[in-house]
Amino acid sequence: MSRKPAPATPAPSQDDILPRILAAVLDAVQAPVFVKDDSLRWIYVNTALERGMGRPRAEIIGRTDFDLFPEAQARLFRSRDEQILADGRDQTNEAHTIWNGREASILAIKSLFRDPEGGRVFILGFVQDVSDLKRTLAALDESETVHRSIATLAPVAIVLHRDGMILWANPSAAAFYGVDSPTDMIGADLRARLTEEGRLALDERMRLARDTGRMLPSLEYEITGPDGRPRTVEGRIGIVPHQGGQALLSISRT
């Protein structure tokens, strides 16, 4: 005797399943996400934000910043959120707080969302821990200061330039090119200090440095001395990082 087929299970509607899918996606991402209502109560946090704050969501949902942070910090967060509610503009703010169990610098990126059906507004936010980035930048700044101090004291002529336009020079470079002060060289064209043969050599060396991305071997070329007469010098040139981009470093000596 044949069996009757089992009744088909109704497919879940998009309205039923989509919120669960979105919640699972937000919990899976590594970026901490939160939502506040128009009374500035926390109404949603994902798993990454729970970890960052060191609290389960049950201790966060329904609370305000005054329940979760020291008073001075809560007042700062509240004033920023009130500004978003007032003008509707996105905000990116840095704050220093306890994050992942330690003192940290975080960026809170927030925007206003208006429910198209009910018209109610909410604040959507993402958090990024920038502590390691700030420490790295501080170390780079310190390193640059140290290296610049060494370059200032160096007995050889050192010039930092971008395609010949001088960005920085040390005192030895000023003496080398017959200029009163290194600051007098800033903004000038390094080619103007060279003979025609030297300019051609510099152009070729700059091209090679850009193509190879490294410091090139020493090469002899001619510059115009303080007395107006050409003299042969030895120099190196190479690409170095500078202010988020690249520049050329020329090192010369007689």
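Strand E1 (residues 33–36) and strand E5 (residues 121–129) run antiparallel, joined by 4 bridges. Everything here comes from a predicted model.

E1 has another partner, strand E2 (residues 42–45). These two strands also run antiparallel, with 3 bridges between them. Here Phe 34 is bridged to Val 45 in E2. E1 and E2 form a hairpin with 5 residues between the strands. Look at Leu 40 in this hairpin: Leu 40 takes a positive phi near 65°.

Now follow the side chains along E1. In a regular strand, side chains alternate between the two faces of the sheet. Val 33 and Val 35 point one way, while Phe 34 and Lys 36 point the other way. Are these residues buried or exposed? All of them are buried.

An open sheet is built from 5 strands, in the order E7-E6-E10-E9-E8. The pairing is antiparallel. Which strands sit at the edges? They are E7 and E8, and each pairs on one side only. Neighbouring strands of this sheet are turned against each other by 40° on average, with direction ignored.

E6 and strand E10 (residues 245–253) share 5 bridges in the antiparallel sense. Ala 157, for example, has Ser 252 in E10 as its bridge partner. H7 lies across E6, E8, E9 and E10. Its direction is at about 25° to E9.

What lies between such elements? In soluble globular proteins, nonpolar side chains tend to be buried together. In this model, the largest nonpolar core has 22 residues. Val 159, Tyr 177, Met 185 and Ile 223 touch the most other members. Several elements each supply at least two residues of this core: strands E6 (157–162), E7 (165–169), E8 (219–224) and E9 (230–242), together with helices H6 (171–177) and H7 (196–212). Which element gives the largest share? The answer is H6, with 4 residues.

Take Ile 223 as a close-up. Leave aside its neighbours within four places in sequence. Ile 223 is then in contact with Phe 176, Tyr 177, Arg 193, Leu 194, Thr 195, Arg 229, Pro 230, Arg 231 and Val 233.

There is also a second, separate core. This core has 15 residues, among them Leu 68, Ala 74, Ala 95 and Val 127.

Notes. Residues numbered from 1 in each chain as written. Predicted model: local features only at pLDDT ≥ 70, side-chain atom pairs only at ≥ 80, totals over all residues. Heavy atoms only, no water. Core = buried A, V, L, I, M, F, W, Y, C linked by side-chain atoms within 4.5 Å. Buried < 20%, exposed > 50% of the residue type's maximum accessible area, 1.4 Å probe, protein only. Contact = heavy atoms within 4.5 Å. Pairing = 2+ DSSP bridges. Axes fitted to C-alpha atoms, helices over the stretch in contact; angles between N-to-C directions.
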